[in-house]
Amino acid sequence: MQKKQIVEIIAGLMIITATAGAIAGTFLYEDMLNNERKTIVILALALEFGNWSPPEIKLVEGEPVRLKIRNTDTVTHGFAVPELGIGIDEPVEIKAGHVAKIDITPTKKGTFLYVCTVWCSKQHPKMVGRIIISEK
Ligand SMILES: [Cu+2]
């Protein structure tokens with residue numbers, strides 16, 4: 001192996017290390033910012049493949065949460081909670097394999113439906129889940 005090749009390999013490794021470090025740092029920083037926020041992961045799947053999972057989530061009035069909606073399907077899904085105004089003015093579209101992050105602090109108790117807003121299959125209108133918000 002020539003000296004030039006060795007130098008190029010070392011330079012390449014340094015770039016990879018720096019890139020991985022920057023990415024890891026970004027995630028850690030995000031987690032730090034997110035410390036006081038509970039994260040709830042919801043999987044988006046068309047009805048025939050399992051529907052929203054979990055189909056029901058429980059939140060507490062006044063407690064900030066981050067919803068991470070992970071589309072593990074092969075088609076695009078949308079997310080909205082019409083009664084809470086989520087995904088209405090700013091539609092949330094999540095392409096296959098992508099994740100949408102929505103930070104909310106529930107301000108009213110009750111049961112609200114979350115729906116898919118993108119036509120994803122024949123069963124699309126049945127792609128509905130429930131958010132139950134209880135009093136603190
Ligand atoms: Cu849909």
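Ile86 is in contact with Ala80, Val81, Ile102 and Ile104, once its neighbours within four places in sequence are left aside. You will find Ile86 in the loop between β4 (77-79) and β5 (92-94) of this model, which is a predicted one.

Now follow the chain to Phe79. Leaving aside neighbours within four places in sequence, Phe79 is in contact with Ile69, Gly87, Val92, Ile94, Ala100, Tyr114, Cys116 and Thr117. Phe79 also belongs to the largest nonpolar core, which has 16 residues. Within this core, Ile42, Ala44, Ile69, Phe79 and Ile131 touch the most other members. At least two core residues come from each of β1 (38-44), β3 (65-71) and β8. As a general background, nonpolar side chains tend to be buried together in soluble globular proteins.

Strand β8 leads us on to a sheet. Three strands make up this open sheet, in the order β2-β8-β7, and their pairing is mixed. At its edges are β2 (56-60) and β7 (110-115), each of which pairs on one side only. From one strand to the next, the twist averages 25 degrees. If you zoom in on β7 and β8 (residues 128-134), you will see that they run antiparallel and are joined by six bridges.

How values were computed: Residues are numbered from 1 along each chain as its sequence is written. This is a predicted model: local features need pLDDT of at least 70, side-chain atom pairs count only at pLDDT 80 or more; totals for chains, interfaces and linings use all residues. Two strands pair if DSSP finds at least two bridges between them. Helices (H or I, at least four residues) and strands (E, at least two) are DSSP runs, numbered from the N terminus. Axes are lines fitted to C-alpha atoms, for helices over the stretch in contact, and angles run from 0 to 180 degrees between N-to-C directions. A nonpolar core is a set of buried Ala, Val, Leu, Ile, Met, Phe, Trp, Tyr and Cys residues joined through C-beta atoms within 7 Å. A residue is buried if 20 or more other C-beta atoms lie within 10 Å of its own, exposed if 12 or fewer, and partly exposed in between; C-beta atoms are placed from the backbone. Two residues are in contact if their C-beta atoms, placed from the backbone, lie within 7 Å.
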